[in-house]
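I opened this notebook to record what I looked up in the structure shown below.

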Amino acid sequence: MKLKEVDRTAMQAWSPAQNHPIYLATGTSAQQLDATFSTNASLEIFELDLSDPSLDMKSCATFSSSHRYHKLIWGPYKMDSKGDVSGVLIAGGENGNIILYDPSKIIAGDKEVVIAQNDKHTGPVRALDVNIFQTNLVASGANESEIYIWDLNNFATPMTPGAKTQPPEDISCIAWNRQVQHILASASPSGRATVWDLRKNEPIIKVSDHSNRMHCSGLAWHPDVATQMVLASEDDRLPVIQMWDLRFASSPLRVLENHARGILAIAWSMADPELLLSCGKDAKILCSNPNTGEVLYELPTNTQWCFDIQWCPRNPAVLSAASFDGRISVYSIMGGSTDGLRQKQVDKLSSSFGNLDPFGTGQPLPPLQIPQQTAQHSIVLPLKKPPKWIRRPVGASFSFGGKLVTFENVRMPSHQGAEQQQQQHHVFISQVVTEKEFLSRSDQLQQAVQSQGFINYCQKKIDASQTEFEKNVWSFLKVNFEDDSRGKYLELLGYRKEDLGKKHIKEEKEESEFLPSSGGTFNISVSGDIDGLITQALLTGNFESAVDLCLHDNRMADAIILAIAGGQELLARTQKKYFAKSQSKITRLITAVVMKNWKEIVESCDLKNWREALAAVLTYAKPDEFSALCDLLGTRLENEGDSLLQTQACLCYICAGNVEKLVACWTKAQDGSHPLSLQDLIEKVVILRKAVQLTQAMDTSTVGVLLAAKMSQYANLLAAQGSIAAALAFLPDNTNQPNIMQLRDRLCRAQGEPVAGHESPKIPYEKQQLPKGRPGPVAGHHQMPRVQTQQYYPHVRIAPTVTTWSNKTPTALPSHPPAASPSDTQGENPPPPGFIMHGNVNPNAAGQLPTSPGHMHTQVPPYPQPQRPQNGWNDPPALNRVPKKKKMPENFMPPVPITSPIMNPLGDPQSQMLQQQPSAPVPLSSQSSFPQPHLPGGQPFHGVQQPLGQTGMPPSFSKPNIEGAPGAPIGNTFQHVQSLPTKKITKKPIPDEHLILKTTFEDLIQRCLSSATDPQTKRKLDDASKRLEFLYDKLREQTLSPTITSGLHNIARSIETRNYSEGLTMHTHIVSTSNFSETSAFMPVLKVVLTQANKLGV
Amino acid sequence: MVSVINTVDTSHEDMIHDAQMDYYGTRLATCSSDRSVKIFDVRNGGQILIADLRGHEGPVWQVAWAHPMYGNILASCSYDRKVIIWREENGTWEKSHEHAGHDSSVNSVCWAPHDYGLILACGSSDGAISLLTYTGEGQWEVKKINNAHTIGCNAVSWAPAVVPGSLIDHPSGQKPNYIKRFASGGCDNLIKLWKEEEDGQWKEEQKLEAHSDWVRDVAWAPSIGLPTSTIAGCSQDGRVFIWTCDDASSNTWSPKLLHKFNDVVWHVSWSITANILAVSGGDNKVTLWKESVDGQWVCISDVNKGQGSVSASVTEGQQNEQ
């Protein structure tokens, strides 16, 4: 395909390969006259700008020369690799002169462009060549067998390669060998070629076919094979190209007879030794493979002869040809359509003339008639064989899972152009691992989750923390797994209950000394002073007046005391009045505490006091509002401009168990793109999720958008390091977020799981049979979850505890053949059971979630439950988790000192109602003794007497107080709600062999109860007694694994021998070896009982 | 660390020009100057020849797997000026479509992100780029960009579908209004960025000029949710440039030289997480590159015959960064 053309009758030289951009130099030809018969001469430089689609070449410079040229070459002499200096133009003139031009000066428009010239030659200099190894060496040939070697560093005195050949003849061609730098060849129209060795300074071989018809017009060395060269003949009687090998110099190795008439010029591609250009008097430009003789390409040309042809050294697909019709054309041998170019020409014409009335004649011109020949689609076919430069020999591509696919085609040292022998065509698949630390940390995290060793893990993290903040975060996370988490939180915030308690006790002791003895008599005065008025009011039972009087007299304490006796409404009013009057700094705090308006604290505290606010929330907030309050505080902190406070918001979210917000906040503060910083985040998220699962009623299975994004990013990173199994383990599975489902599918398949049947690979995406129109990929994803849960189930099954179960309840398992457990063969770790949030194994769970919010807790157990599906709805559904879920408040001691005397009659009617109503059908002892909260106002003395007569708290009051206090175990609420449907169930008997367990444990609890003194312990024991019901239920159902039951029997035996510490050791053993979900409902309680028993020594 | 986990003897009879794994990394497609395309099952370190596809009449330069949501589809392009789309139907691979719309060697094929549908971009030595869009019932609509790169387009690579800067996908049900873009590299030493206009026509959006010789390959980095777009380009001139655009609205791209090799660089490939670039050079060497904390590109591994090890220095650098 023709790319460019210039109307010149000229010799041509491309700029050297190093040069960028590409230039073409033209020098007026000495042999041919142009159409004007002008005798002017010029040296011009054009730029090859391929981004310009027009046929014009951009002229860069013209230099009017006094010479016409027989030969023009452009050598890279003194060029650096960047091509900053543009080499040297070497021209062969008519009168034995060789002229050196500086092309950069020509381009710059300088007048002095000649570097040097020498006219030592006789006659026209037709042959020139630059040595490619030493670019300062130029060989030239002229008449009288003259050959000179010029050193551009010392241009004045040329050398000769040896004695002149005899008889004297014109030298038409000269060429340096392409492999051996001291070998030179020359040829003459007589047909003889001579090879010179410059080291020996003599001709070493003469090549001639003795036909006497070879008129050498071209000579070229093989680019790769040192001993081979071609000679082209101008003679119409022998229009051939001969391929010679100097090792067999008696006759040509091959003769190419593709031209019909004499050949005028040849050019051998340096980029591909299989491409030899030749042009001849048959007006053809051919590209042949000199190694085979095959014609690969015929350039579409006009009917004119070309006398010069050159490959572009830099762009191997480009060549230029100079023809006798006075034109230099630039072609590409890669084929392609010329329509585009021609159309451009037509467009150009149209735009110049315009189609609309350019001459103002009032008549538009007829549309331009495009000549017929250009209208037809003219395709120029490319070379028959692909040129070497487009044959990609090497490649490396990444693929999923950090795999790198590489191939290379090692070229054997080529012989005779046969370079494809004995190649091995292998493709290598490699695993690339770049993030070792990331992987090892991920591994640690996985192990922690697998072994449930959260506390240890957190502790390690705390120890390794480099910043205070990091340490805080891990400390907070760790607390989630410990008993009395709220208390520990408070400690972390700098508030130790014990410390306060000590202080308090101290003060109390001091105070008590000043208390008047209650046994003495006192005087009731009814005088007219304020005391007297109050006395009168009291005596008449008019509390309200009495309180008013006290307030008026600023006797706050008296007012409050009286208000208590005066009933709830009065108390509330009095409190309000008090707060209105009081101006103390901590009034607002007290207000909030008394009014239970924690929201007020959280919403309006100074954010510098976020710690205090959080502490207050931790102390007082009820579990159901606790998270929301922490969230609120976190949000406030996050919205604050202070970046330090922003990060602290993370702590609030950790307390709140709000994974999604933690992620959002963390992401805002940290650059999460680096694997290790993502690892930092994921560690916290995974641990927090676990904590939330253990302690809160919150539905942890839902995965927020942001978390999903992070988790899938994390899984992607793991996958990219080749840890497919780990990636799968970390990927949240019960979500219908498309990106996660896609990744899961991809990971599963990448693991090399054999897929049943050939068509199944398409399953996860809705089978798109080369869809119509624009396919909506989104629609395809809805199919995924169900299919996947089936497919990936095997992972769950091979988890050790699950298999134990499967023996007993095989029907519960999806109908997968057990043998189809491919991960075994893969040798990679199956995802640990702890990771599998139930969504996988219970495909229906996800579907039920949104539809039945009321029963969410019962239907979304936090642990894999494939092993006990027949414990369906009629099993006490929440039993196995409620105790654990409320672990936090279980041991939580509400702050009695401030509130109890005041709060007692008040309670929290609402929360009490909540607790009482649902529990009504199944009354529990702790609540049956709940007193009537309202004291009737008409019984004043009864009310007054109580506080007066009893200094301590009546025991019956303390319990409801605790229950009703903020932060009390509201878990019961859930329990009761959930036990509603279970009340009618008749339980199976405990199997005889296990009955001993129940009797032993209950007996132990009774013993403890009888010797326990403080109400707190008693309460714990009561609670334990209740919770052990879960164990008995499991015994009834016979759903416990043999190892656990035998372990329990061991504990029972040790209880009988009163060896409680042994029992605790066994307890630890069971917990550490068993599936957490199986034992979590009762084992912690059992531990409490054993510990108490040990302590009490019963 | 780079370790060979599988060596596949392809039994090709001539040079291999491309080897690509499918979406899951379980099947390998190779193509060769012997005019064939082969597909291997390489799961678990095995190598089972699934298909030996004959249909091209010249060397096959590249293969490209379509996203599996459309089935098992492989595109190949060849010196014979044809693009063939192969398809597995009932376990048998067959030619599904043949595109013969180019006048010269087709050097590169690349499937668009699956979100757009089934669209294939093909770059040819005739200078044109054609875009094949599946319109249903075996029909492919062809759009052609003529004169995309004078004397030849060597490579095409699509921009990821996720609009840079948006971490969160568009609300479901609502089809996001993607802007389709791809990059191409050619014998005019340019990398060009193309954008589909609202009328469905493709328009040159940007010229990236840095190379002084043919651009051999371009690779648009996968999106990892960051607002930056990244393109790697490699050239005959031995240079590899990383182009980045931080601001999609201004669409200004700036180059950074990754390295200047002593030989032509044939191929660049991003890891799925877009943080490692594999560079294949004319000296038959493959190197892996990673951007260090200070923004410099560091060679982390020489992959010779697929073997090599990641140098320790960079790994340490990452630790320090924490």
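I began with Val8(B), which I found in strand 1 (residues 2-9) of chain B; strands are DSSP runs of E with at least two residues, helices are runs of H or I with at least four, and both are numbered from the N terminus. The model is predicted, so local features need pLDDT of at least 70 and side-chain atom pairs pLDDT 80 or more, while totals for chains, interfaces and linings use all residues. Residues are numbered from 1 along each chain as written, chains are lettered from A and ligands numbered from 1 in written order, and side-chain values use heavy atoms, without hydrogens and water.

Is Val8(B) buried or exposed? I noted a relative accessible area of 0%, so Val8(B) is buried (under 20%; exposed is over 50%, partly exposed in between; 1.4 Å probe, protein chains only).

I then listed contacts (heavy atoms within 4.5 Å). Beyond neighbours within four places in sequence, Val8(B) touches His425(A), His426(A), Val427(A) and Ile429(A), as well as Leu28(B), Phe40(B), Val42(B) and Gln47(B).

Next I turned to the nonpolar cores (buried Ala, Val, Leu, Ile, Met, Phe, Trp, Tyr and Cys residues joined through side-chain atoms within 4.5 Å). The largest has 82 residues, and Leu445(A), Leu614(A), Leu633(A), Ile687(A) and Leu747(A) touch the most other members. Helix 19 (residues 675-695) of chain A supplies the largest share of this core, 11 residues. A second, separate core of 79 residues includes Met1(A), Ile285(A), Ala321(A) and Leu120(B).
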